[in-house]
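These are my notes on a two-chain model.

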Amino acid sequence: MAANPMTQFEVYRIGPEIKVGAFDISFTNASLFMVISSLAILIIFNLGSKKNSILPNKIQLLAELSYSFVSKMISDTAGSKAKPYFSFIFSLFMFVLFCNMFGMIPYTFTVTSHIIVTFILAAFIFIGVTVIGFIKHGFGYLKLFVPSGVPIVLLPLIVVIEIISYLSRPISLSVRLFANMMAGHTMMKVFGGFVVSLGIVGGWLPLSFSVALTGLEILVAFLQAYVFAILTCIYLNDALNLHH
Amino acid sequence: MYKKLFLYSLIANFFFTNKIFAAESGGMPQLDPEFWISQIFWLVLTFGFLYIVLSKLILPKISANLELRKSQIQENIEAAEKQRESSEAKLKEFNGIILKSKIEAKNIFKDAREKVIKNINSKKEILDKQIDDEIKKAEIEIDTLRQSAPEKINKIAVVTSTEILKKLIGAEVNNSSISAIVDDLVKKNGDKYYGH
């Protein structure tokens, strides 16, 4: 079982099978880590916001630094109009970050390495941003597909390209996160398998690789959460401040 | 011995790696739709819960904390600025006082000096005058003494000559003839004797 690098992504039921109508909503290991991540976020930020001292302690500093980090990210990319969506982007960033980071602990499950999870998040963002765009600008939002300063001859082509690129946003957003997480974890598993199979004689090289990969994967875990959040901000910026 | 062990382990390695690659045929569990609905359900549930608690309870608190700290720091900075200004003003005042008192001290010193100098000068003048007077008086005295000196000397010479002649000759000599001779001598050689 440990030999197959893909078994780590297997979802299995924890506890009894729960069915609502035709849908199976049993509690799985994926659900477990979603719950753990959410609870970890809530506990950390609750502790970080409980006491307000002028000189913050470590956990308060962590919470406040994260707050200002996300706040700055949003105001830099989407401007001041994006303030009402701060809570959502903050939750999104933290959720993805914590799921990624919990996945880095050995024998855990990486929630974000499943395309269905990332796709649901991305699809929700896509639909939400589109709805916001139409509410703010009405049908004027369709001007997004018509960039200014393009020769008339090229316009039909550009519009088609813009529409395709817009529609592929949820796919690119979800596949980017999912593929990064899956590839990284698979690689680590493969190198870990080499360590076992090559033994004490030849196992040092894949072991050192594995150590280096762990560092890289922690970086990727943070980076992908950041990219996910910042792309959300950029899409939101398109919907809020129509520049075309 | 070690070489043999190494070879054995290498062979064993190949055995195991074969096993690894053989097992790699399960496909991606991510594409198995068995638990998709469950994952969506739990994602919506956990993320929704997370979002609601964060946005309603926790984030406003953090934001308020940050705002409070910002305003407090601003206040402190303002207070510090005020105090700095007041201390600067006081420093200026202090410097002004020092400058004033320095000038005052200088003036006092100058006045005192002038007074003393004036005093000294006036006293000196008085003393000079007195000395001058004394000198003049002494000079006049000397002058009178000097002017009366030849006559006295003449008289002494005449008396002495008469006495000497009396003893030499033993007879009275006429005073007037001797004084005529002395006068004559004085007229001839007076300059030599009195050194005018």
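Which residues in H4(A) meet which residues in H7(A)? I found A:Ile125, A:Val129, A:Ile132, A:Gly133 and A:Lys136 on the H4(A) side, and A:Thr232, A:Tyr235, A:Leu236, A:Ala239 and A:Leu240 on the H7(A) side.

**Conventions.** I am working with a predicted model, in which local features need pLDDT of at least 70, side-chain atom pairs count only at pLDDT 80 or more, and totals for chains, interfaces and linings use all residues. Residues are numbered from 1 along each chain as its sequence is written, while chains are lettered from A and ligands numbered from 1 in the order in which they are written. Helices (H or I, at least four residues) and strands (E, at least two) are DSSP runs, numbered from the N terminus.

**Confidence.** I noted pLDDT, the predictor's confidence in each residue, from 0 to 100. Chain A averages 90, with 98% of the residues at 70 or above. Within chain A the lowest mean, 85, belongs to strand S1 (residues 19–20), and the highest, 95, to H3(A). For chain B the mean pLDDT is 84, and 83% of its residues reach 70 or more. Helix H1 of chain B (residues 2–23) is lowest there at a mean of 54, and helix H2 of chain B (residues 36–169) is highest at 92. For the complex, the predictor gives an ipTM of 0.91 and a pTM of 0.71.

**Chains.** I list seven helices and two strands for chain A, in the order β-β-α-α-α-α-α-α-α from the N terminus. Its C-alpha atoms fill a box of roughly 65 × 55 × 45 Å along the principal axes. Chain B has three helices and zero strands. A residue is buried if 20 or more other C-beta atoms, placed from the backbone, lie within 10 Å of its own. On that count, 35% of the 244 residues of chain A are buried, and 7% of the 196 residues of chain B are.

**Interface.** I took two residues as in contact if their C-beta atoms, placed from the backbone, lie within 7 Å. In those terms, 45 residues of chain A touch 39 residues of chain B. H1(A) gives the largest share of the chain A side, eleven residues. By class, that side has 25 nonpolar, 17 polar and three charged residues. Ala, Val, Leu, Ile, Met, Phe, Trp, Tyr, Cys and Pro count as nonpolar, Asp, Glu, Lys and Arg as charged, and the others, Gly among them, as polar.

**H4(A) and H2(B).** I read that the two axes (lines fitted to C-alpha atoms, for helices over the stretch in contact, with angles from 0 to 180 degrees between N-to-C directions) come within 9 Å and cross at roughly 45°. H4(A) is therefore oblique to H2(B). Angles under 35 degrees count as roughly parallel, over 145 as roughly antiparallel, 65 to 115 as roughly perpendicular and the rest as oblique. A:Ile116, A:Val117 and A:Ile120 in H4(A) meet B:Trp36, B:Gln39, B:Ile40 and B:Leu43 in H2(B). This contact holds six nonpolar residues, one polar and no charged.

**H4(A) and H7(A).** I return to the opening pair: the axes of H4(A) and H7(A) (residues 204–240) come within 8 Å and cross at roughly 20°. The two helices are therefore roughly parallel to each other. Their contact divides into seven nonpolar residues, two polar and one charged.

Definitions and conventions
A residue is buried if 20 or more other C-beta atoms lie within 10 Å of its own, exposed if 12 or fewer, and partly exposed in between; C-beta atoms are placed from the backbone.
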